[in-house]
Amino acid sequence: MRKLFAVMALSVLAANVMAAVSPEEAAKLGTTLTPVGAEKAGNADGSIPAWTGGIPKNAGAVDSKGFLADPFASEKPLFVITAATVDKYKDKLSDGQVAMFKRYPETYKIPVYPSHRTVNLPPDIYESIKRSALNVHAINDGNGLENFTGNRYYAFPIPKNGVEVLWNHITRYHGGNLKRIITQATPQTNGSYTPIRFEEEVAVPQAIPDIDQAKAANVLSFFKQSVTAPARLAGNVLLVHETLDQVKEPRLAWIYNAGQRRVRRAPQVSYDGPGTASDGLRTTDNFDMFSGAPDRYDWKLIGKKEMYIPYNSYKLDSPTLKYDDIIKAGHINQDLTRYELHRVWEVVGTVKPSERHIYAKRHMYIDEDSWQVALVDHYDGRGQLWRVAEGHAQFYYDHQVPAYTVETLYDIIAGRYIALGMKNEEKSSFVFGFAAKAADYTPAALRSEGVR
């Protein structure tokens, strides 16, 4: 009997750990906390300002292709961290960033600019965040979500553990339905590369009018990716149904292979399966800094800290740049980057003893204002630092959407890297809010998409 009571007590405790927050805690959203759950106040010395609502939708000009003017173009770096000065600042850098200085002492640098808390979201997203705080709780050992309904964003704005922090990144707002044309590069050690061009769509069930919402209840988003260059890869199309609880219902993926002219299931498009045309330099779940199911890791919340992270990367997104201006040997052109001091959530993911993944540990730093992963240090099975990821973020103020300008993943052992998301030479910037139809995200639709 005593054992039974002990088991019941542990069950109640586990339920409470995974429970939604109280109305009193939720009331902090928009008062002492920002509407997304960040600390509203600045830091003690003012180097991180208070959040005062973000920047307005008209913060800068928008050109005919949708590219945004840099609201901070006149600013100069406060200082530039180099290999000679890195020890002075290492308490605000990740181990991966410090390793980059050691790997590329002559060229890697971190220009640090004044901090601006630019992020704000539409009012209806703030309402959905409040609803999430009061209703959503984790199930299946934190790997699924319950009561996550309506506009499903930011499952845990007041997180209590590591997996809840990660869920906020996974469920963050992308602007509804999104289209983009982007370029990926996987340079050789000398900097030479062949551009890989993608046309991508992300659509969410709540913004697809003709979808069967009941059947899509466990779908977080639909993703479609068409390769349009180079010619040897053109015509291949990937379709993903991203499920919320991937333990209950694994991610569904299909590929149309233009050479074979057939559609086939693609179970390898998950976890540490190779990323599309990545030359083995990223895994599937490296996409979007981290994507997919969290279930192969134990996620430990270390806490919050102040760090220099890529932020407000408008210069890096300029349509006046060519890809050759960005892609250099070893790493991207750091003269085009911008880093700022921000508070981040620090989370460490360690592969469960019963699971496998090429990354035995992932040390993550997640921006408090956007819930975007900003930095990740990846370790191999021997405990050696292997790959260093930086998410160069910018805020699309005209649509009130935080996103990445470029995602970089550096293999510090091989001396190579991948840069994903560049659009400087493309015909348009992101297209938000396009009209999506349910029929566009079925395996049958892939064949017509992939004809070349």
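Which residues does Ala-203 touch, not counting residues up to four places away in sequence? In this predicted model, the contacts of Ala-203 are with Asn-177, Ile-208, Ser-221, Phe-222, Ala-436 and Tyr-441. Ala-203 belongs to strand β6, which covers residues 196-203, and because its relative accessibility is 0%, below the 20% limit, the residue counts as buried. Although Ala-203 and Ala-20 are 183 residues apart along the chain, their C-alpha atoms are separated by 27 Å.

One of the partners of Ala-203, Ser-221, lies in strand β7, formed by residues 219-229. With a relative accessible area of 14%, Ser-221 is likewise under the 20% cut-off and is therefore classed as buried. When residues up to four places away in sequence are set aside, Ser-221 touches Val-202, Ala-203, Val-204 and Pro-205, together with Val-240, His-241 and Glu-242. The peptide bond that leads from Ala-229 to Pro-230 is cis, with an omega near 5°, and Pro-230 itself is placed in the loop between β7 and β8, the latter strand being made of residues 237-243.

The protein as a whole contains 8 helices and 18 strands. The C-alpha trace spans about 70 × 60 × 50 Å along its principal axes, and buried residues account for 58% of the 452 residues. Of the contacts between residues at least 6 apart in sequence, 66% join residues at least 24 apart. The accessible surface comes to about 18,500 Å², and 55% of it belongs to carbon and sulfur atoms. As to charge, 53 positive and 51 negative side chains are present, and the centres of the two sets lie 4 Å apart.

In soluble globular proteins, nonpolar side chains tend to be buried together. In the present model, the largest nonpolar core comprises 82 residues, of which Leu-121, Ile-129, Leu-145, Tyr-154 and Trp-299 touch the most other members. Helix α6, residues 162-170, supplies the largest share of this core, with 5 residues. Another core, of 33 residues, lies apart from the largest one and has Leu-93, Ile-110, Val-112 and Tyr-339 among its members. Leaving aside neighbours within four places in sequence, Trp-299 is in contact with Gly-162, Val-163 and Leu-166, with Phe-290 and Pro-294, with Val-347, Val-348 and Gly-349, and with Arg-362 and Met-364.

Backbone geometry also calls for comment at two further positions. Most residues other than glycine have a negative phi, and most peptide bonds are trans. Tyr-154, already named among the residues of the largest core that touch the most other members, has a positive phi of about 50° although it is not a glycine. Asn-147, also not a glycine, has a positive phi of about 65°. Tyr-154 is located in the loop between β4 and α6, and the place of Asn-147 is likewise in the loop between β4, residues 144-146, and α6.

Technical notes. Residues are numbered from 1 along each chain as its sequence is written. This is a predicted model: local features need pLDDT of at least 70, side-chain atom pairs count only at pLDDT 80 or more; totals for chains, interfaces and linings use all residues. Side-chain values use heavy atoms; hydrogens and water are left out. A nonpolar core is a set of buried Ala, Val, Leu, Ile, Met, Phe, Trp, Tyr and Cys residues joined through side-chain atoms within 4.5 Å. Buried means under 20% relative accessible area, exposed over 50%, partly exposed in between (1.4 Å probe, protein chains only). Helices (H or I, at least four residues) and strands (E, at least two) are DSSP runs, numbered from the N terminus. Contact means heavy atoms within 4.5 Å. Accessible areas come from the Shrake-Rupley method with a 1.4 Å probe; for residues, only the protein chains shown count as cover. Lys and Arg count as positive and Asp and Glu as negative; His and the chain ends are not counted. The place of a charge is taken as NZ of Lys, CZ of Arg, CG of Asp or CD of Glu.
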